[in-house]
Amino acid sequence: MMSEVKVELEDLEGIGPKTAEKLRNAGICSAKHLSLFNVDELLNIVDADERALRRALAHARRLFMPIKAVTASRYGLRDDARLTTGVKSIDSLLGGGLRPKAIYELCGQPGTGKTQLCLQLSVTVQLTANKGGLNGKCYFMDAEGTFSKERVKAIAERFGLDVEGALENIYIIEIMNTDHLLHIATSDLVSSVEKGVKLVVVDSLMSRFRSEYSGRESLALRQSRLGYVLDWLIRIARLYEVVVVVTTPVMEVPVAFASSTDRIRPVGG
Ligand SMILES: Nc1ncnc2c1ncn2[C@@H]1O[C@H](COP(=O)(O)OP(=O)(O)OP(=O)(O)O)[C@@H](O)[C@H]1O
Ligand SMILES: [Mg+2]
């Protein structure tokens, strides 16, 4: 696979200045970013020649994706990076902390500390590896309006970081609706990941979906749209080796004869 030198869109076969401009206008910033898409997704967002896009994608895949299987004995050697949660008991349950390339769902009833843990992670990701961090930035997608600068300042102080520097390393974006969420996940999020983001937070992933697709009749649509956003987060996590954390509130569902723990379910299923 490739080194970390940025490959521009124009460096790809099939992409001239005009197509590159169209892709940039659609929020796609580099060849690696482009490689996250499949051709149908690209045709939906840019008006460009399909054959040219296919050539560009094939080229981008050769640069950034595995194109030949390796034997299991050689697979997965670089697997030691971990992100500390700052909570020893959780870290040890996770075998040292959160793993890059993985997506984690924090489920819990209101007030159980999901947002607090996300805020803490937005700071610990900035720590150096010997302190349990990933020496990276955080991209915080706030769908509930509960991001707290004051909490981040206090947490940064506790972990011995320069407070202003810590705030500079956290990108925060308010998510207004589910289309907005998908748009950001496929565009600005990826550009920011290319600028050193190592942790992506979506707090909470479900809240917008629940309000926009309420009622039993929209359940199937909701699950497929939600699954698609999750799929994008997984693509980004794997290609860029970042940690993704999403939160999900849980609720009690009325089930006859169930124990109290059986009745508690993540609201997204
Ligand atoms: N500065 C603080 N120091 C200590 N505890 C705090 C601080 N700020 C908030 N808390 C507490 O942390 C707890 C967890 O709150 P948090 O907002 O993380 O819950 P949540 O799981 O995100 O809830 P929700 O599902 O409603 O979003 C709350 O009881 C809150 O009062
Ligand atoms: Mg919360």
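**Entry 1. Helix 12.** I began with D231 and R235, which sit four residues apart in helix 12 (residues 219–240), about one turn of the helix. I take helices (H or I, at least four residues) and strands (E, at least two) as DSSP runs, numbered from the N terminus. The side chains of D231 and R235 meet in a salt bridge, 2.9 Å from N to O. I count a salt bridge when a side-chain nitrogen of Lys or Arg is within 4 Å of a carboxyl oxygen of Asp or Glu. D231 is partly exposed, with a relative accessible area of 31%. Here buried means under 20% relative accessible area, exposed over 50%, and partly exposed in between, with a 1.4 Å probe and protein chains only.

**Entry 2. What I am reading.** This is a predicted model, in which local features need pLDDT of at least 70 and side-chain atom pairs count only at pLDDT 80 or more, while totals for chains, interfaces and linings use all residues. Residues are numbered from 1 along each chain as its sequence is written, chains are lettered from A and ligands numbered from 1 in the order in which they are written, and side-chain values use heavy atoms, with hydrogens and water left out.

**Entry 3. Other salt bridges.** How many salt bridges does the structure hold? I find eight. Side chains of opposite charge can pair when their charged atoms come close. In helix 4 (residues 50–64), R54 and E50 are four residues apart, about one turn of the helix. Their side chains form a salt bridge, with N and O at 2.7 Å. I looked up the accessibility of both partners: R54 is partly exposed at 44% relative accessible area, and E50 is partly exposed at 34%.

R208 and E212 also form a salt bridge, with their closest N and O atoms 3.3 Å apart. Both residues belong to helix 11 (residues 205–212), where they are four residues apart and separated by about one helical turn. R208 has a relative accessible area of 22% and is partly exposed; E212 counts as partly exposed at 34%. I also noted a network of salt bridges that links E8, E10 and R24.

**Entry 4. Ligand 1.** Which residues are around ligand 1? I list Q109, P110, G111, T112, G113, K114, T115, Q116, E144 and R151. The test for this is a heavy atom of the residue within 4 Å of the molecule. By class, I get one nonpolar, six polar and three charged residues in this shell. Ala, Val, Leu, Ile, Met, Phe, Trp, Tyr, Cys and Pro count as nonpolar, Asp, Glu, Lys and Arg as charged, and the others, Gly among them, as polar.

Next I looked at individual atom pairs. An oxygen atom of the ligand is 2.7 Å from an N or O atom in the side chain of K114. A ligand oxygen is 3.0 Å from a polar backbone atom of G113, and one is 2.8 Å from a polar backbone atom of Q116. Taken alone, ligand 1 exposes 650 Å², and the protein buries 53% of that. These areas come from the Shrake-Rupley method.

**Entry 5. Helix 6.** The largest share of the shell around ligand 1, three residues, comes from helix 6 (residues 114–124). Is helix 6 enclosed by the rest of the structure or open? It is largely enclosed, because 10 of its 11 residues are buried. Among the buried ones are K114, T115, L117 and C118.

Entry 6. The peptide bond from D203 to S204 is cis, with omega near -15 degrees. S204 is in the loop between strand 4 (197–203) and helix 11. K101, a residue other than glycine, has a positive phi, near 80 degrees. I place K101 in the loop between helix 5 (88–93) and strand 1 (103–108), and K101 is partly exposed at 44% relative accessible area. E241 is another non-glycine residue with a positive phi, near 55 degrees. E241 lies in the loop between helix 12 and strand 5 (243–252) and counts as partly exposed at 28%.

**Entry 7. S207.** S207 lies in helix 11. With a relative accessible area of 15%, S207 is buried. From S207 to N177 I read 30 residues in sequence and 9.4 Å in space, C-alpha to C-alpha.

**Entry 8. The whole protein.** I count 12 helices and six strands. The radius of gyration is 20 Å, close to the 18 Å that the globule rule gives for 269 residues, so the protein is as compact as a globular protein of that length. The radius is taken over C-alpha atoms, and the rule is 2.2 Å times the number of residues to the power 0.38. Along the principal axes, the C-alpha atoms fill a box of roughly 60 × 50 × 45 Å. Buried residues make up 45% of the 269.

Key:
A polar contact is a pair of N or O atoms within 3.5 Å; within protein, one must be able to donate a hydrogen and the other to accept it, and residues adjacent in sequence count only if both atoms are side-chain atoms. Accessible areas come from the Shrake-Rupley method with a 1.4 Å probe; for residues, only the protein chains shown count as cover.
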